[in-house]
Amino acid sequence: FSESNGEYLSAMAFSPLDHDRVYAVTSEGRVFRSNDHGETWDLQARGLPDGSYFYGTALIASAVDVDTVYVGGSGYSNPAVYVSHDGGDHFEALSDGLPATLVYSLVEEPTSGTLFAGTETSALRLDPHTTAWVDITGTGAPITLYWSAEIVAESGMVRFGTYVRGIWDYVYDTELDGCVD
């Protein structure tokens with residue numbers, strides 16, 4: 001996976017829909033795909049965001065569409081999140097409403113496909129109708145690093161782990177495609 005000195009594998013994600021489909025991204029923003037459970041790899045893209053030196057790159061394979069993959073990372077001089085809907089052959093930026101920040105985590109609600117992101121200052125939801133990011137932290141959550149995100153499906157929540165400010169749960173409603181007060 002290394003093309004230059006210091007480049008390393010930053011993240012790997014198996015498709016929940018096809019366990020032979022695997023994606024990998026390097027510290028230099030190069031994305032690879034395997035269609036044989038990781039036995040062989042093809043370079044799919046270059047120049048996507050690199051991740052945090054401490055935490056890596058956010059990478060998830062969609063649970064709704066086998067050919068959709070999301071990559072998130074540093075977004076200070078470029079978009080921080082990209083999506084491919086063709087198995088990694090082409091990527092497009094998902095930057096509308098996304099501040100110039102570092103994306104630490106991405107998670108997808110597996111029924112609706114709603115995407116959530118944990119960033120350096122807030123938790124966000126991608127509005128599936130407008131493809132714009134919406135800050136879901138409101139006035140009660142801290143301005144802090146949102147390191148991790150996970151779906152707690154049985155409770156209808158997305159859970160974010162923060163840097164020294166605890167765990168924050170956001171209730172989502174798949175009928176409304178997002179979070180509710």
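Two strands are taken to pair if DSSP finds at least two bridges between them. Strands themselves are DSSP runs of E covering at least two residues, helices are runs of H or I covering at least four residues, and both are numbered from the N terminus. The model is predicted, so that local features need pLDDT of at least 70 and side-chain atom pairs count only at pLDDT 80 or more, while totals for chains, interfaces and linings use all residues. Residues are numbered from 1 along each chain as its sequence is written, and side-chain values use heavy atoms, with hydrogens and water left out.

The secondary structure of the chain comprises zero helices and 16 strands. The C-alpha trace spans about 45 × 30 × 25 Å along its principal axes. The radius of gyration, taken over C-alpha atoms, is compared with a globule rule of 2.2 Å times the number of residues to the power 0.38. For 181 residues a compact globule would have a radius near 16 Å, and the value of 16 Å for the chain therefore agrees. The accessible surface amounts to about 8700 Å², of which 49% belongs to carbon and sulfur atoms; areas come from the Shrake-Rupley method with a 1.4 Å probe, and for residues only the protein chains shown count as cover. Of the 181 residues, 52% count as buried (under 20% relative accessible area, with exposed over 50% and partly exposed in between; 1.4 Å probe, protein chains only). Contacts are defined by heavy atoms within 4.5 Å. Among contacts between residues at least 6 apart in sequence, 40% join residues at least 24 apart.

Strands of a sheet pair through backbone hydrogen bonds, either parallel or antiparallel. Strand S3 (residues 31–34) is joined to S4 by three bridges and the two run antiparallel, with Phe32 opposite Leu43 in S4.

Another open sheet of four strands has the order S9-S10-S11-S12 and is likewise paired in the antiparallel sense. Strands S9 (103–108) and S12 (133–135) stand at the edges with a single partner strand each, so one side of each is left without a neighbour in the sheet. The twist from one strand to the next averages 25°. S9 and S10 are paired antiparallel over five bridges, and Leu106 has Ala117 of S10 as its bridge partner. These two strands form a hairpin with six residues between them, and Gly113 in the turn has a positive phi of about 80°. S10 (residues 115–119) is also joined to S11 (residues 123–126), by three antiparallel bridges, in a hairpin with three residues between the strands.

Leaving aside neighbours within four places in sequence, Leu115 is in contact with residues including Ile60, Tyr70, Leu94, Leu106, Leu124 and Trp133.

In soluble globular proteins, nonpolar side chains tend to be buried together. A nonpolar core is here a set of buried Ala, Val, Leu, Ile, Met, Phe, Trp, Tyr and Cys residues joined through side-chain atoms within 4.5 Å. In the largest such core, of 15 residues, Tyr70, Val81, Leu94, Leu106, Leu115 and Trp133 touch the most other members. Strands S5 (58–61), S7 (81–84), S9, S10 and S11 each supply at least two residues of this core. A second, separate core of 13 residues includes Val25, Ala45, Val71 and Phe91.

Two further buried positions were examined. Leu102 lies in the loop between strand S8 (92–93) and S9 and counts as buried at 8% relative accessibility. Val152 belongs to strand S13 (residues 146–152) and is buried, with a relative accessible area of 10%. Residues up to four places away in sequence not counted, Val152 touches Met157, Arg159 and Tyr172.

Key:
Axes are lines fitted to C-alpha atoms, for helices over the stretch in contact, and angles run from 0 to 180 degrees between N-to-C directions.
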